[in-house]
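Good morning, and thank you for making time for this presentation. I would ask you to keep the sequence and the structure in view while I speak.

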2 protein chains.
Amino acid sequence: MQAAPKPEIAASAHDRVYRGLRTRIMHGQMAPGQALTLRGIGREFDVSMTPAREAVNRLVAEGALTMSSSGRVSTPELSNERIEELAALRALIEVELASRALPRAHIALIDRLQTINATIADVVSNRDSVGYIRTNLEFHRTLYLRAQAPAMLAMAETVWLQLGPTMRALYGRLRRSEPPQYHRLIIAALKAGDEPGLRLAVRSDVTQGLRMLAG
Amino acid sequence: MQAAPKPEIAASAHDRVYRGLRTRIMHGQMAPGQALTLRGIGREFDVSMTPAREAVNRLVAEGALTMSSSGRVSTPELSNERIEELAALRALIEVELASRALPRAHIALIDRLQTINATIADVVSNRDSVGYIRTNLEFHRTLYLRAQAPAMLAMAETVWLQLGPTMRALYGRLRRSEPPQYHRLIIAALKAGDEPGLRLAVRSDVTQGLRMLAG
DNA sequence: GCATCGAAAATGTGATCACAAAAGAGCCAT
DNA sequence: ATGGCTCTTTTGTGATCACATTTTCGATGC
């Protein structure tokens, strides 16, 4: 639930494992229901079971992994009700973040967002669903960083983390070829300083993808 | 970030430690900045360092504890900006939870809320700040449970957890003697089925206490 | 062919240990 | 008295191990 800590030099073993697994889950590189073992993680990251366990427990606490009653961990298979809830949380938090970022959104930020949006068009045409998820999140994070609200951003990222495997399943299934149309609306609202329009655009962008999965 | 799991029979050691520390922090039994050691926790709960570390790491991941660069853990001392952010998050999430609970709020629920509210008046007159925090949270949780939104409730509880030590400092400082007036407004709005009134009452109740600390 | 039972492999949990880094206590010089 | 230095104690980290449980897989019987 904390923003990913940014150690200047130090990188303890469990932090390295945590970060590796976290980005893998958030970017949709793991399918829902995929199992993990502590010894397997340890082998892969060349550490013992102890740091692997710490990383896994942290991800379980954040809802990025689920732990069965026997202690086995796997990526979550979310119910439709939970997907709807998480989408509603994304809408609530990210609309607020966008709204707080609006007064500080200068032209340099908007340029950067447009660059990222162009990248999204690329990865979409390449049918690269992992790249799509990663770049899409980068678009949102770039905007929200301007809100200067680290606790809120951390909350939003936790929701993204929980939705990672589900988004993989979603964007892997529907083979979309068009870039997200709401991103253009977000950029336009930022340029115009139109707060109601921005709120609506962000809400629509966040809700649209998940709606068709849960529906 | 997960709702506290409810094991039917099993209670692993690290879960027992986690739960113990969690309620202690959330209910304001620890002051901001208070330090903890793994060996001390292990002694207190009669376990080795391993489960103590797991519990602590989980609480750090949830933002309930902060970890210094050298690995020392303590309860967080929040800046005013962060308090404002967390209060805004409470407002966002809890207003939504209350709104979702409204259509399902029958008379039995309202009765229970009034009972809890009477208890709050008791503990307030006894100058029992820990009891006040605990009962106040119970009031909110009882209402939000009706929303049938476990992910949102878990988010709200995580925010409570992060604010626990700060709320202790706040309610310990201002020696209030009157019960929270907004709880009555919440109950009245529930009875009347007045959604805008409910949203306003919840927002006011959540924001009022923290505003005077951050301001 | 299929279900069932049992042995073997795999897995999570928690304790213990060695090690390095950090904090603290004590001491001396000024 | 106070500031700085060293030595001792405390503390977190990660590895390893034993144990209980679960899972898996193959053999056996019908």
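I begin with the contact between the two chains: 30 residues of chain B are in contact with 30 residues of chain A, where contact means heavy atoms within 4.5 Å. Please note that this is a predicted model, in which local features need pLDDT of at least 70 and side-chain atom pairs count only at pLDDT 80 or more, while totals for chains, interfaces and linings use all residues. Residues are numbered from 1 along each chain as its sequence is written, chains are lettered from A and ligands numbered from 1 in the order in which they are written, and side-chain values use heavy atoms, with hydrogens and water left out.

The area buried between chain B and chain A is about 2700 Å², and carbon and sulfur atoms give 60% of that area. Buried area here is the accessible area, taken with a 1.4 Å probe, that two parts lose on being put together, summed over both.

How many salt bridges are there between chain B and chain A? The count is four, a salt bridge being a side-chain nitrogen of Lys or Arg within 4 Å of a carboxyl oxygen of Asp or Glu. One salt bridge joins the side chains of A:Arg100 and B:Glu84, at 3.2 Å from N to O. On the side of chain B that touches chain A, the elements that give two or more residues are helix 3 (49–61), helix 4 (80–101) and helix 7 (150–173) of chain B. Helix 4 of chain B gives the most, with 10 residues. Helices (H or I, at least four residues) and strands (E, at least two) are DSSP runs, numbered from the N terminus.

I turn to salt bridges in the structure as a whole. Over all chains, the search finds 20 salt bridges. In one of them, A:Glu44 pairs with A:Arg24, and the closest N and O atoms are 2.7 Å apart. This pair links distant parts of the chain, with A:Glu44 in helix 2 (residues 38–45) and A:Arg24 in helix 1 (residues 13–26) of chain A, 20 residues apart. A:Glu44 is partly exposed at 48% relative accessible area, and A:Arg24 is likewise partly exposed, at 22%. The terms are set as follows: buried is under 20% relative accessible area, exposed is over 50%, and partly exposed lies in between, with a 1.4 Å probe and protein chains only.

A salt bridge in chain B joins the side chains of B:Arg58 and B:Asp15, at 3.5 Å from N to O. B:Arg58 lies in helix 3 and B:Asp15 in helix 1 (residues 13–26) of chain B, so the pair ties together parts that are 43 residues apart in sequence. Are these two residues buried or exposed? B:Arg58 is buried, with a relative accessible area of 9%, and B:Asp15 is buried at 8%. In chain A, A:Asp15, A:Arg19 and A:Arg58 are linked in a network of salt bridges.

A further pair is A:Glu195 with A:Arg199, whose side chains meet in a salt bridge at 3.1 Å, N to O. The two are separated by about one helical turn, because they are four residues apart in helix 9 (residues 195–214) of chain A.

Next, the nonpolar core. The largest core has 134 residues, and those that touch the most other members are A:Leu89, A:Leu143, A:Leu190, B:Leu89, B:Leu143 and B:Leu190. A nonpolar core is a set of buried Ala, Val, Leu, Ile, Met, Phe, Trp, Tyr and Cys residues joined through side-chain atoms within 4.5 Å. Beyond its neighbours within four places in sequence, B:Leu143 is in contact with B:Ala98, B:Ala101, B:Leu109, B:Leu113, B:Ile186 and B:Leu190.

Now the sheet of chain A. Three strands form an open sheet in the order 1-3-2, with antiparallel pairing; two strands pair if DSSP finds at least two bridges between them. Why is one side of strand 1 (35–36) and of strand 2 (66–67) left without a neighbour in the sheet? Both strands stand at the edges of the sheet, each with a single partner strand. Two bridges join strand 2 to strand 3 (residues 73–74) of chain A, and A:Met67 has A:Val73 as its bridge partner in strand 3.

Finally, I note one backbone feature. A:Arg127 has a positive phi of about 60 degrees although it is not a glycine. A:Arg127 is placed in the loop between helix 5 and helix 6 (129–145) of chain A, and is partly exposed at 46%.
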